[in-house]
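This report walks through selected features of one protein model. Keep the sequence and the structure open while reading.

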Amino acid sequence: MHSPHDPYVRVRGAREHNLRAVDVDIPRDVLAVFTGVSGSGKSSLAFGTIYAEAQRRYFESVAPYARRLIHQVGAPKVGEITGLPPAVSLQQRRSAPTSRSSVGTVTNLSNSLRMLFSRAGTYPPGAERLDSDAFSPNTAAGACPECHGLGRVHETTEELLVPDPSLSVREGAVAAWPGAWQGKNLRDILDTLGYDVDRPWRELPAREREWILFTDEQPVVTVHPVRDADRIQRPYQGTYMSARRSVLKTFSDTKSATLRAKAERFLTSAPCPVCGGGRLRPEALAVTFGGRTIAELAALPLTELAGLLDGGGETARVLAADLTSRIAPVVELGLGYLSLDRATPTLSAGELQRLRLATQLRSGLFGVVYVLDEPSAGLHPADTEALLTVLDRLKAAGNSVFVVEHHLDVVRGADWLVDVGPGAGEHGGRVLYSGPPAELASVAESATAAYLFDESPGPAREVREPRGWLTVGPVTRHNLRGVTARFPVGAFTAVTGVSGSGKSTLIGELTEDVPGVERLVRVDQRPIGRTPRSNLATYTGLFDVVRKVFAGTEEARASGYGVGRFSFNVPGGRCETCQGEGFVSVELLFLPSTYAPCPDCGGARYNPETLRVRYRGRSIADVLDLTVEAAAEFFADTPAAERSLRTLLDVGLGYLRLGQPATELSGGEAQRIKLASELQRGRRGHTLYLLDEPTTGLHPADVEVLMDRLHGLVDTGHTVVVVEHDMTVVAGADWVIDLGPGGGDRGGRIVAAGPPNLLPGTEHSATAPYLARVLP
């Protein structure tokens, strides 16, 4: 038994994911960093085990009724954990925030600012004081009635709705209408109402065109459809909806990003004529502080806002001081360039996680474990030092900080290291070392040790001669003002600069419309699928090959099974109890619904008849359970499968299971799967590859593997452009475009452009000093 004041968190028998009955002791009240190659099991230990268990204990103490309202992670597979305080997790989850969510709402800074205006603002003579709710565009009391607090109104025009006026309504003149049955239905209704649907659009009288596109009336008529003679067509009641109404309805109500994007093509967006984009009612916009309205202050970068909060009486001073102290940690984490009204969906995952971190700094909690997922993601080396200061401050307040991290500067700043490995997937899952960082050097099988202690620069690379140039600009967007950039063709370009300097905005301007771009591939970190039905094998097309192999076996042919029999997405071969999901949702009264393996197929996804078909002694379910590495040996003589698997091995994903659900993959894994799918396509003409921070979530050993791949693409004649903070990657590039000098309004200029060895001499470049350290 350990004493009640045992200063360690002691984990015994952790078996989550690929962990092999891990035992580990980690001291409390320190900054502990979990390291290891991608897929080694460090996240399974930090998040899947330690955080999940703390979460479960907390829920045990909550009333069952309240429990079902909270999303739970489920009980981790672990023997026991002692000495575990309550935990707070800050993960890089890409939740789907709405357009109403902003920097101000995520950090709660908006509340403080509204309070300041409500209590200490300057009101027009005779106006009564407003409650702080009246200053929020997200409440009925505050939102401008015209634009409902969004600040912009969406309108549409005849030119947008009918791009080709030579067509008739029947030929599809109204491009904004839905396709398929619904579009046909609207045409039939117009026909029934007496409109000429066969005359070219431009020949219809203006009054009719106006009504068809813009009316707010919704007449209901009985439609007698004229369609295929062999089908009986019953008359039905049809309701008409004008094109404008249909587009606006889709835009405001749909949950589908694709449909919203489609609707957006037919809309123009302009500042609301009533509030001028201020989002609030006129009475709220009449109140000022220091001569500015709340909308004007919310649009300023935080660094500027903090400087304007002086003045006013005693109340104003107290409220302004509170607001300034809340802004300070956000600025310290390198996010001073953001404004309060900046919409959350436009932030990167790293920015969002650091905003949450800044909010935690103010929460004043102590005695908890903070579990962080790669907080350095998307951070320039210049900002990493500030991050370490912030983590130290959380620790100094009496907390334990457990961080999963690859960035060597953060690893060097740790008090305690837990190195998981040695390899990924089945080759990992063991704790190789747990102790002070300096002693890791003696652990021979650690992939981390080799990079942590050897700081000598890599070998010099021959810089490639460009075959031509792609010119972008002048670009004026976000904080870029009239910037023109040149990217070398047939070379590897790295775009660098501190957070918020405009890197992503700049490479976002590289489109298929740029002269010289034949084919463009964007490899991003968005998930490859939103449901567990989508997995590694289905996404890469490998599953089609596997199903063909199974359909070609003698057993399958004898039973008359085709390729479809081996799909778990259609009836036939799948287990119907779980409909091919492999698990069923168990609804318990007052408790959250849990997932349990399907009672019939036991998680295999298929019915017994399908599982009887074997290829080399394995059923299709056994094959989905293989890792990429094992599958590459198993299918060595099936060229189509082998090529697919080889490219997955090439980008370092040998440890993933073929049937691993897309929902379990990290952003870095999703990005490398997309890259692998691209690499196996074979070479089709010159392609421009764009990658935004491809090394996020990668151990230095994996970064080397990935870079070999990307340089391989350039060697075969393609062009690669990456946005990158990892200086070893930048040092190996042929051309560097450095943006800056700062973030937000202090950025947006090209500070330097040229081969990496010329950069260190540049003044005003935040990147130069860090690059100089790794250049040969």
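## Terms and ground rules

Contact means heavy atoms within 4.5 Å. With that cut-off, and leaving aside neighbours within four places in sequence, V220 is in contact with Q237, G238 and T239.

The model is predicted: local features need pLDDT of at least 70, side-chain atom pairs count only at pLDDT 80 or more, and totals for chains, interfaces and linings use all residues. Residues are numbered from 1 along each chain as its sequence is written, and side-chain values use heavy atoms, with hydrogens and water left out.

Helices (H or I, at least four residues) and strands (E, at least two) are DSSP runs, numbered from the N terminus. Buried means under 20% relative accessible area, exposed over 50%, and partly exposed in between (1.4 Å probe, protein chains only).

## V220

V220 belongs to strand β7, residues 220-223. The relative accessible area of V220 is 49%, so V220 is partly exposed. L130 is 90 residues away from V220 in sequence. In space, the two C-alpha atoms are 45 Å apart.

## The six-stranded sheet

Six strands form an open sheet with mixed pairing. Their order is β17-β20-β21-β16-β22-β23. Two strands pair if DSSP finds at least two bridges between them. The edges are β17 (519-523) and β23 (749-754). Each has a single partner strand, so one side of each is left without a neighbour in the sheet. From one strand to the next, the twist averages 15°.

β17 and β20 (residues 687-692) run parallel and are joined by five bridges. V523 has L691 of β20 as its bridge partner. Helix α26 (residues 667-679) packs on the sheet and touches both β17 and β20. The direction of α26 makes about 155° with that of β17. Axes are lines fitted to C-alpha atoms, for helices over the stretch in contact, and angles run from 0 to 180 degrees between N-to-C directions.

## S38 and its partners

S38 sits in the loop between β3 (31-35) and α1 (42-60). S38 is buried, at 5% relative accessible area. Which residues are in contact with S38, beyond its neighbours within four places in sequence? They are A424, Y655, R672, G697, L698, H699 and D702.

The side chain of S38 makes a polar contact with the side chain of D702, at 2.8 Å. A polar atom of the S38 side chain also lies 3.2 Å from the backbone oxygen of G697. A polar contact is a pair of N or O atoms within 3.5 Å; within protein, one must be able to donate a hydrogen and the other to accept it, and residues adjacent in sequence count only if both atoms are side-chain atoms.

## Nonpolar cores

A nonpolar core is a set of buried Ala, Val, Leu, Ile, Met, Phe, Trp, Tyr and Cys residues joined through side-chain atoms within 4.5 Å. The largest has 76 residues. F492, F635 and L710 have the most contacts inside it. Helix α20 (residues 542-551) gives the most to this core, with seven residues.

Beyond its neighbours within four places in sequence, F492 has contacts that include M707, L710, V714, V720, V722 and W735. R464, H711 and D734 are also among them. Another core, of 69 residues, lies apart from the largest one. C147, V330, A358 and L391 are among its members.

## Helix α4

Helix α4 (residues 109-120) has 12 residues. From first C-alpha to last, α4 reaches 16 Å, close to the 16 Å expected at 1.5 Å a residue. The expected span is 1.5 Å times one less than the number of residues.

Nine of the 12 residues of α4 are buried, so the helix is largely enclosed by the rest of the structure. Among the buried ones are L109, L113, R114, L116 and F117. The cover over the buried residues includes α3 (103-107), α11 (294-298), α12 (302-307) and α13 (314-335).

## Backbone geometry

Two cis peptide bonds deserve a look. One runs from G421 to P422, with omega near 0°. P422 lies in the loop between β12 (416-421) and β13 (430-435). Another joins G473 and P474, with omega about 0°. P474 is in strand β14 (residues 468-477).

E374 is not a glycine, yet has a positive phi of about 45°. E374 lies in the loop between β10 (369-373) and α15 (381-396). E374 is buried, at 10% relative accessible area. R616, also a residue other than glycine, has a positive phi near 50°. R616 lies in the loop between α22 (608-612) and α23 (620-624). At 46% relative accessibility, R616 is partly exposed.
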